[in-house]
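Colleague: Could you walk me through this one? I would like to start with the rings and then go on to charges and cavities.

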Amino acid sequence: MAATGLSRPASSPVPLAHLRLAAPSSEPGRSAAVTLADSLGCPVLPDPPPDLLRDGEGPVLLLGNLADSRCVRELHHHFLCVTDRWYPGPGGYELRTLPAPFGGNDVVHLGYSDDVGLGAGTARLLELLDDPLPPLAEVHATRFPLSDAERDAIEHGAYPDQAWQIANSCLGDQKGYLGYLSGDGGLARQWAAAWEAILDCGIERTERIVQTHLFMLSRISVWRLLEAVGLVPDHLADAIPRYVLEWAESHEGWRHIDVPTYQSPHYPRQNHGLVPALALVMAGHWFATHHPEVTGPEQWRKVANAVFAPYVSSWKPLCDGLCHGWWMSQPVILEYALFDAEHRYFEGDGARTAAEGALAIVNNQGWMPSAGDADLDRQFPGPSLRAAAYWYGDGRYEYAHRRGHPNRVWKWLGAMSPPRAYDIGIAPVEPAGGLAVVPCDPLLYNVWELDPRGAPGVTDGPPTAPIERCFDKLAIRAGWQPDDTYLILDGIGGGSHSYADAASILDFARYGVSGIVCEDNFVWAAPEDHSTVTVTRDGVMGTVPAFAELECAEQRGDGSVYVRLKLAGYAGADWVREVDWQPGSTVRFTDTVTAREPGLYAVEAHFRTPAEAAIEGRGLVSLRRSESAGPVTFRIESDSPPEALRLSRVPIELRYRNLQETWEYTPPANEPENLWRERYQTGGIALTVFTARRTARLAAGESVSLVHEAWFELGHRPLAVATAAGGEQSEQPWRDLEGPVHAVARVEDDPPWLVVGHAAAQLSAIDLDGSLRWTHRIERDPCPWPWWELRTPAPVAVAAGRFREGVRIAVGCGDIQLRVFDEHGAEQWRYRYNEGVPGRVVIADVDGDGEPEIVMGGEVLSDTSCCRILTADRRLMAELYVEGWTSRLTALAWAVVDGRALLACGASRGRNLRVFDLTPLRDGGRAAELFMHQLGGAVTGLAFVDDGLRVTTSMGFELVYGLDGERRSVKLRT
């Protein structure tokens, strides 16, 4: 039950009669306290325990920061202040009145980062002394826990016109936080304006408001901070806590996390549970402190605390992807650990283990690999390093933290709570180089035994080796300077926001140049989309083993390192990867695949380099330029013959772009192309894949091997070779149409005519003689997930067919909409394909009832290969899931066989072949799945032949299946 009013009194004057002065532990702080006490006539308490803030015996004048005051530490841990050695910065200070932050005493806080700021703040407070002391909200800050680019983006970011767009962003929270840090009242008012839009949108899930639970941590943490210093305007003082209460009791609140995946003590957590759980902890603390009469918070906190229960000695979140794991999960676990009165994650050394992992994944230029659902904008584990440096007093973590550029160190991922520095003045200490192995966390390893029903959502498969022979990441570095060599390998594949990349190379760098990378990045999530080895037997890959076994890791006396990894039971074989690393020289990868089961094998070794590249002789060559060393040439030499090598280009620029027509301001430093240049020291965004291929029919026990050496050379020399082909093609426009042309469909009419999707957003109808019938400009329809959209609402797929109502044209557009037009170019309706661009659109009578349907799937940018079948009047007939996050629908085929309407769907990875019987759709029933297979590579072609199905894959196999799902034949191109 909620109280009738939830607002708290604004800051009020503080009487001096019962004032007590809480002095810090530092000598300058104690001296300043004595000076103030002489003027105030109040007692000085030397660094008292935080119970002083709750005892109810009178107001407290508190001097200090995180480094020198236990009371400030308590406020900081509860995110009621940000004061430390970093903020408010050199010479800066803050004077703030906090009305009863813990429900006991009003607090007047004089915060500072150094002695100069302490002196300035003390002098200013003496000027303001009066009885009663007026409410204080004076900030003189010289440094923020935000980069200049981040501040620029927050200050210049303008709200859109639509309230739902404001509610699907945390820009308002960011403005509120910067307003708190800077004392800028204008930013605080903009924060309030964002809350007005949020309140208008309500709590319930709609087509536009889709994931309130992910925004509430940002909302609540900033609101608590501003509310604690009396900066919430009167008209929102009751409305915001009432909204928080309503959210917490909704299905997006505590019920969202009251499910086995977030309550089981044996299951690692993901950001979609951790983020709302911490929001509930913060909200519950506020209500318990200020409105104990409200029922509900006890339940919220009970359920939320269970979410964090596994994180004591364990540290690994569900997300192995290096963005989500370190930027969306670790910070939340750390902030909960500070909120936790027992600080179990720190005391149990889980946070220390995480920080050791952070040391390993930071390369010598202060980046971590871009792997999993990641991008370059968030590639640094700053929260883990600075929180561990603070808690454990370890200068190695501070050293690694300082390697990062401020734009990454202080990056605020909007859905999280704001960044803090946790700076208490720890001096940096350079860590040792050499070999570092991050151990496999028992929480991740044991889930297959302790929670077998949920385990497939954690990793793709169970471990095949003892935990002491498994690992999380393995890094080798010659040192921490830019010119030193650095190599990191992955030990775990699959899971949440990450993919089948165990034993793959995540980064190989020297001279500040990364030669081999991961960069799978949402869409390119198949096994072959990593710097790894793929194994396919008789056309089938199956589940790629998720835990690499570390058979040997030896650092020799000369500084070289030898590592041997194994993935056992990979497509009926064992893959062993040997790594021979020579500091300052080469690294040799010897990959041996030994058949356990006889069959026709295709084995490919893939190496991804973030630049233009070419094949020269038996290897790859890429010309780069190092900031520290000048011209650099990166090379990979293969033992495979030239005819077994190929080069391809990944259109990674589809992901690395500013979100189309968004209202958020992006500072130049964070422009995707500038980030790519900074990260990879190359001329522009390019990702090239070098692949060596071996095919063979192997008996059990027989092997094939591929050997590659990689190294960097100083200098360039002219090359007379071709670079990689592929990527976006620049097509010539159709006749006089604005180009390029994306798709063309023929309308079978009398006479026939064409519909063309072209340019940024144009759909045009053309007669076969070239005369223009009509043209239509497509206007973008924004969605809650703009990162799945293309740069423009371009018509990338066009299909035409005749329905009872006449000709209809179905168009898959870059703003993730399917639009349907009539023969005159008038839009009839639209359907949003969540979440991805519907790049595969077909009009055909797929259910065999004599009426055509519209079939669509995500093929360009997509987080699922779902095939949706619609009627001409927008009714959803079927939703057929092929593979999940993140996959693309790559092939379709349909036929009526013996009266049954059959549909075959192919996808880019995983369980990528499914065949459905659509006959039940004729009577309003549900489609039935006939069979499923997990083939190696993407399904590139499907065709019903005789009474079977012919399938081709990107791994070079052609398979024929009977309609019972049994394989009839298999062929392999060499």
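**Aromatic pairs**

Colleague: How many aromatic pairs does the count come to?

Modeller: The count comes to 29 aromatic pairs; rings of Phe, Tyr and Trp (its six-membered ring) pair if their centres lie within 6.5 Å, and planes under 30 degrees apart count as stacked, over 60 as edge-to-face and the rest as tilted. One of them is Trp86 with Trp410, a tilted pair at 5.1 Å centre to centre with 35° between the planes. This is a predicted model, where local features need pLDDT of at least 70 and side-chain atom pairs count only at pLDDT 80 or more, while totals for chains, interfaces and linings use all residues. Residues are numbered from 1 along each chain as its sequence is written, and side-chain values use heavy atoms, with hydrogens and water left out.

Colleague: Where do Trp86 and Trp410 lie?

Modeller: Trp86 is in the loop between helix H2 (70-77) and strand E4 (93-98), and Trp410 is in the loop between helix H20 (406-409) and strand E7 (434-439), so the pair ties together parts that are 324 residues apart in sequence. Helices (H or I, at least four residues) and strands (E, at least two) are DSSP runs, numbered from the N terminus.

Colleague: And is Trp410 buried or exposed?

Modeller: Trp410 is buried, with a relative accessible area of 6%, whereas Trp86 is partly exposed at 23%. Buried means under 20% relative accessible area, exposed over 50%, partly exposed in between (1.4 Å probe, protein chains only).

Colleague: What about Tyr399 and Trp480, how are their planes set?

Modeller: Their planes are at 90° and the ring centres 5.8 Å apart, so Tyr399 and Trp480 form an edge-to-face pair. Tyr399 belongs to helix H19 (residues 395-403) and Trp480 to the loop between strand E8 (471-477) and strand E9 (486-490), so parts that are 81 residues apart in sequence are tied together. Both Tyr399 and Trp480 are buried.

Colleague: Which residues do ring pairs link into a cluster?

Modeller: Tyr311, Tyr345, Phe346, Tyr390, Trp391, Tyr392 and Tyr422.

Colleague: Switching to charges. What sits over the ring of Phe79?

Modeller: The charged end of Arg420, 4.0 Å from the ring centre. Arg54 lies over the face of Phe102, at 4.2 Å from that ring's centre. The rule asks for NZ of Lys or CZ of Arg within 6 Å of the ring centre and within 35 degrees of the ring normal.

Colleague: How many salt bridges?

Modeller: The count is 63 salt bridges (a side-chain nitrogen of Lys or Arg within 4 Å of a carboxyl oxygen of Asp or Glu). Among them is Glu551 with Arg564, at 2.9 Å, N to O. Glu551 is in strand E13 (residues 549-555) and Arg564 in strand E14 (residues 561-570), so the pair ties together parts 13 residues apart in sequence.

Colleague: Which residues do shared partners join into one network?

Modeller: Salt bridges with shared partners join Arg208, Asp781, Asp815, Arg819, Glu827 and Arg830.

Colleague: Last topic. How many cavities of 30 Å³ or more?

Modeller: Seven, from a search of the whole structure. On a 1 Å grid over the protein atoms alone, a cavity is a set of points where a 1.4 Å probe fits but cannot get out, and lining residues have an atom within 4 Å of a point. The largest cavity has a volume of about 150 Å³, volume being the space filled by probe spheres set on the points, which are joined across faces, edges and corners.

Colleague: What lines the largest cavity?

Modeller: Its lining has 16 residues, with Pro331, Glu335, Pro383, Ser417 and Pro419 nearest the centre. The largest share, five residues, comes from H15.

Conventions
1 Å grid on protein atoms, 1.4 Å probe; cavity = no way out; pocket = protein on both sides within 12 Å on 5 of 7 lines; lining within 4 Å.
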